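Please look through the sequence and the structure shown here before reading on. The report that follows takes up its helices and its nonpolar cores in turn.

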Amino acid sequence: MTTRPHARPDRPQRTRTRRQLAGAISAALVACMAVAGVADSASAQVPGTATRWSSLMYHSLTPTPQYVRTRKVLAAQRAALVVQGRRVASARTVQGSALAAVTTAVSLDAYARTRYAVAREDLASARNRLVVVSQQRPSSAVAVARAKNVVTASAKSVVLRRTQAHSAAAALRTAQVSSRTATVNLDRVTAAWQRTSAAIRTNQRRLIALDHSAEYAAQAAAISRSVVTDIQARFTTADTTTVNGITVHKSVAFAFRRMLADAKTGGIVLSGGGYRTKQQQIELRKINGCPDVWTAPPSSCRVPTAIPGTSLHEFGLAIDITSGGSTITRDSDAFRWLSAHAARYGFVNLPSEAWHWSITGA
Ligand SMILES: [Zn+2]
């Protein structure tokens, strides 16, 4: 990240967003110092770069009220979308059934019409037959009576088939109305679902635009080496504080505390050792079997151990992480969590030591 808005106040071509970012950093500096614990009189020596690193990390890890609001709205919209999705599915089922009912009703209607038509033809034939039988000479009373019975039966059948045809037609109309209602309802709930989806997409874009955490973290990372140099030049033990029992430099306390809290939320309990005095570093060089205290490279020790005066532990800027009482390794869940998330809190791993995390990775 090369853009450092607050560091170049004389650049007129800067965008409005960048000016706002710079403004936000200055405005919240006091709040940040209070949060990070760097504002008390004992640490007046904390250099400006360290204060700026704290401020950048504070802003990286503290969403704006607008961001929080938008995220809340988005969560509500996502919940609404789930409900609306269920409504669409249910409306689609109802519409599918309604369409099937129309198909069935169309068949039944056609069948009833056919039977009604057949009955009318039968009645016409029976009447013709009665006329023929009645005109036959010599007349047969038995044949006429039989033909009359057929006419009576056929007339009854026509009445029955007509009633059935009317019922089938009414059922078809009802099914068609239901189907239209189901289609209208499906269109309505689908439109509501689409509106919510569009609103979610808009808010997702808005949320991304409102999220400057990566930018702030990158700016902090870009100055972390200067922070180390400046702190080394004027360090006193008054510049340290404890976070969950771990002593660290006040300028990294806020970010470190947040990292421990968020890891815990993610099911990873982190602990460890941060600050150690130069004398403790000297003792460590002896314990770790370094060929000598002051010149042999760290890698020549049984456990890699920095030359006294050069370890970031001596300034509370490095922490050896433990989890569940053990120093973490590359196979630890804690290491995996840190690899995925620590950069967000300004911490980088020293590749040769899975447990060692600092603001520069040194
Ligand atoms: Zn270490």
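## Two helices side by side

In which kind of crossing, left-handed or right-handed, does H4 pass H5? H4 passes H5 in a left-handed crossing, where left-handed means that the near helix is turned anticlockwise from the far one by less than a right angle, and right-handed that it is turned clockwise. This is a predicted model, in which local features need pLDDT of at least 70 and side-chain atom pairs count only at pLDDT 80 or more, while totals for chains, interfaces and linings use all residues. Residues are numbered from 1 along each chain as its sequence is written.

Helix H4 (residues 65–135) and helix H5 (residues 141–210) pack at an angle of about 165°, with their axes 4 Å apart; helices are DSSP runs of H or I with at least four residues, and strands are runs of E with at least two, numbered from the N terminus. The axes are lines fitted to C-alpha atoms over the stretch in contact, with angles running from 0 to 180 degrees between N-to-C directions. H4 and H5 are therefore roughly antiparallel to each other (an angle over 145 degrees).

## An enclosed helix

Twelve of the 14 residues of H3 are buried, so H3 is largely enclosed by the rest of the structure; a buried residue has 20 or more other C-beta atoms, placed from the backbone, within 10 Å of its own. Among them are Trp-53, Met-57 and Leu-61.

## The cores

The largest nonpolar core has 45 residues, and Met-57 and Leu-317 are among those with the most contacts inside it; such a core is a set of buried Ala, Val, Leu, Ile, Met, Phe, Trp, Tyr and Cys residues joined through C-beta atoms within 7 Å. H7 gives the most to this core, with eight residues.

Definitions and conventions: Angles under 35 degrees count as roughly parallel, over 145 as roughly antiparallel, 65 to 115 as roughly perpendicular and the rest as oblique.
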